Amino acid sequence: MSETTTDRKTRITVLIALAANLVIAVAKAVGGVFAGSPALLSEAAHSVADSVNEVFLLAALRRSRKPADRKHPFGYGKERFFWSLLAAVGIFVMGGCFSVLQGVEALRGGNHEESSGGYIAGLAVLFVALLAEGVSLSRALLQVRGQEGGVGKDPALRTVIAEDATAVLGVLVAMAGMALHMVTGQIVWEASASLAIGVLLVYVAYRLGKDARDQLIGEAADPELRARIEELLREQPEIDEVASLLTMRLGMDSTLVAARIDLVPGLDSEHLEQVSMRIRSSIQNTWPEADQVFLDITDAPTAATATVEAAGTP
């Protein structure tokens, strides 16, 4: 189970985010209890959710690299999508729902004003959290700039960026709510901030969960990749027509390609096998991520019903 350079960078990015979130979660929780701040407690729940999610992502990075076996002949690449889905659920339950409940409880509790010292301490905690989240987000964005395929290709990296960006925005909202509560004495400002954080987290969880669901149930490869594979097939002199071309992402660097093709008349069975092997090799050499290639030849003149299947893995 080898680790690629990209996975190593992603693992470091996730570990940095995990360390930042653990420290921030403790600081926010202590500050929230001390200041009696629902917005700060909501942010603490947000950081706890992010910390759990980083553990999920580390599991995804490790398990998705397991080699193919008899039980899973196409490998374990979709483990990455599964753990990313769990991370989205974690954001929804531990972050979004808790934040909404905090806001509702604060509104039901009515107006009350805490000491300004508690709020100053809470704002200080949030400022430190803002710096830490900013560092983690910057690290993830720097990795994206140097990574082929950008953020959309790697669900683990996409989740980290979504978490950190949401955390930065959530901290700013919590700071605004706490400051307005301290100035006006009206808890409605802080309760509203907590509700806003909850809605934001629910939305982010929905988007991440939707992407992970699409990948788990069988998302097609990038349209540009599919078009280029189809173009290569049509350029082959032995192919008369590409009847259909299906693709599916099996993991970060694994894609299934299934093509139904009609050959030109006059090919014998021996030449037919050579053509299949050459086309398959051409696709795999041009696009290494297309490691599972299947060709269904539907019109072989020497045997009208012959079908040749060229498996991508020997």
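Is Glu219 buried, partly exposed or exposed? Glu219 counts as partly exposed, at 29% relative accessibility; here buried means under 20% relative accessible area, exposed over 50%, and partly exposed in between, with a 1.4 Å probe and protein chains only.

A word on the ground rules before we go on. This is a predicted model, in which local features need pLDDT of at least 70 and side-chain atom pairs count only at pLDDT 80 or more, while totals for chains, interfaces and linings use all residues. Residues are numbered from 1 along each chain as its sequence is written, and side-chain values use heavy atoms, with hydrogens and water left out.

**Salt bridges**

Let us take a salt bridge as a side-chain nitrogen of Lys or Arg within 4 Å of a carboxyl oxygen of Asp or Glu. The count by this rule is eleven.

| Pair | N to O distance | Relative accessibility |
|---|---|---|
| Glu79 and Arg63 | 3.1 Å | Glu79 14%, Arg63 34% |
| Arg249 and Glu219 | 4.0 Å | Arg249 13%, Glu219 29% |
| Glu238 and Arg278 | 2.6 Å | Glu238 12%, Arg278 36% |

Helices (H or I, at least four residues) and strands (E, at least two) are DSSP runs numbered from the N terminus. The salt bridge between Glu79 and Arg63 links distant parts of the chain, with Glu79 in helix H3 (residues 79-109) and Arg63 in helix H2 (residues 38-63), 16 residues apart. Glu79 is buried, whereas Arg63 is partly exposed.

Arg249 is buried, and its partner in a salt bridge is Glu219. Arg249 belongs to strand S1 (residues 239-251), while Glu219 lies 30 residues away in the loop between helix H6 (188-216) and helix H7 (223-235).

Glu238 in turn pairs with Arg278, joining the loop between H7 and S1 to helix H8 (residues 269-286) across 40 residues. Glu238 counts as buried and Arg278 as partly exposed.

Salt bridges also link Lys210, Arg213 and Asp214 in a network.

**The cavity**

On a 1 Å grid over the protein atoms alone, a cavity is a set of points where a 1.4 Å probe fits but cannot get out, and lining residues have an atom within 4 Å of a point. Searching the whole structure turns up one cavity of 30 Å³ or more. The largest cavity has a volume of about 30 Å³, and its lining includes Ser84, Arg158 and Gln215. Helix H5 (155-184) and H6 are the elements that give two or more residues to this lining.

Key. 1 Å grid on protein atoms, 1.4 Å probe; cavity = no way out; pocket = protein on both sides within 12 Å on 5 of 7 lines; lining within 4 Å. Points joined across faces, edges and corners; volume = space filled by probe spheres on them.
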